[in-house]
Amino acid sequence: MQQVLVELRGVQVSAPEVAGNLAGWSTHAHRSQLPAGTDGRPLPPPRSSRALEQTRAGGGESLQRAGRAADALAQSEVLLGTPVGRALAPQLHMLRGRIFVDDRNDCASAASEFVALVGEPGNLGDEAELRRAECLQKLGRTTDAASAYAQYLRRVNPRQGARARERLTALRGSTEAGGE
């Protein structure tokens, strides 16, 4: 089987390495690890992902450690335009949404990334739908937020169902009291 390679900034990385980096992504620890480093430094050791360990040989740097969220956003956007990136689109949209919310406090941009994951099965879709609802609420779009929480609660076994129900109840109460 022929190995698929992605090239970003002159560094070739295999698709499994890209997926490994994304699998090791955590909201706080490895937020900006894309396999596109240019200075030859290895990625920091992963905390829990065996796949991420394999990416150290691929050459790359921790963009988060270097304080380069803008580079992570730019490089993930480039990657989304490739066949491998399209195959990894759910992970890339989640990564971008997390950067927008956690690093930039930009809920408007994050919500547009999370909306790409609406209906996505599993933990990724679960997190994205809840975070989208939270972003809409932070933006003051209470009617849209209430709809998003209600949609989240229609998922099979939503992981944060109690939290979403609580927020939905609060939103509906504020709307009835004269909110949006």
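Let me begin with a definition: by contact I mean heavy atoms within 4.5 Å. Leaving aside its neighbours within four places in sequence, Ala110 is in contact in this sense with Gly97, Phe100, Val101 and Cys135.

Before going on, a word on the source: this is a predicted model, in which local features need pLDDT of at least 70 and side-chain atom pairs count only at pLDDT 80 or more, while totals for chains, interfaces and linings use all residues. Residues are numbered from 1 along each chain as its sequence is written, and side-chain values use heavy atoms, with hydrogens and water left out.

Now to the core. A nonpolar core here is a set of buried Ala, Val, Leu, Ile, Met, Phe, Trp, Tyr and Cys residues joined through side-chain atoms within 4.5 Å, where buried means under 20% relative accessible area, exposed over 50%, and partly exposed in between, with a 1.4 Å probe and protein chains only. The largest such core has 15 residues, and Ala110 is among those that touch the most other members, together with Met94, Ile99, Val101, Phe114, Ala128 and Cys135. Helices H3 (69–80), H5 (89–103), H6 (107–114) and H7 (122–138) each give two or more residues to this core, helices being DSSP runs (H or I) of at least four residues, numbered from the N terminus. The largest share, five residues, comes from H5. There is also a second, separate core of 12 residues, which includes Ala145, Tyr149, Ala164 and Leu171.

What, then, of the charged residues? The structure holds 10 salt bridges, each being a side-chain nitrogen of Lys or Arg within 4 Å of a carboxyl oxygen of Asp or Glu. In one of them, the side chains of Glu113 and Arg96 meet at 3.0 Å, N to O. Because Glu113 lies in helix H6 and Arg96 in helix H5, the pair ties together parts that are 17 residues apart in sequence; Glu113 is buried, and so is Arg96.

Asp102 forms another salt bridge, with Arg131, the closest N and O atoms being 2.8 Å apart, and this pair links helix H5 to helix H7 across 29 residues. Asp102 counts as partly exposed, at 29% relative accessibility, whereas Arg131 is buried, with a relative accessible area of 12%. Both belong to a network of salt bridges that also includes Arg98 and Glu127.

Finally, the loop between H5 and H6 is the place of Asn105, which has a positive phi of about 50° although it is not a glycine; Asn105 is exposed, with a relative accessible area of 63%.
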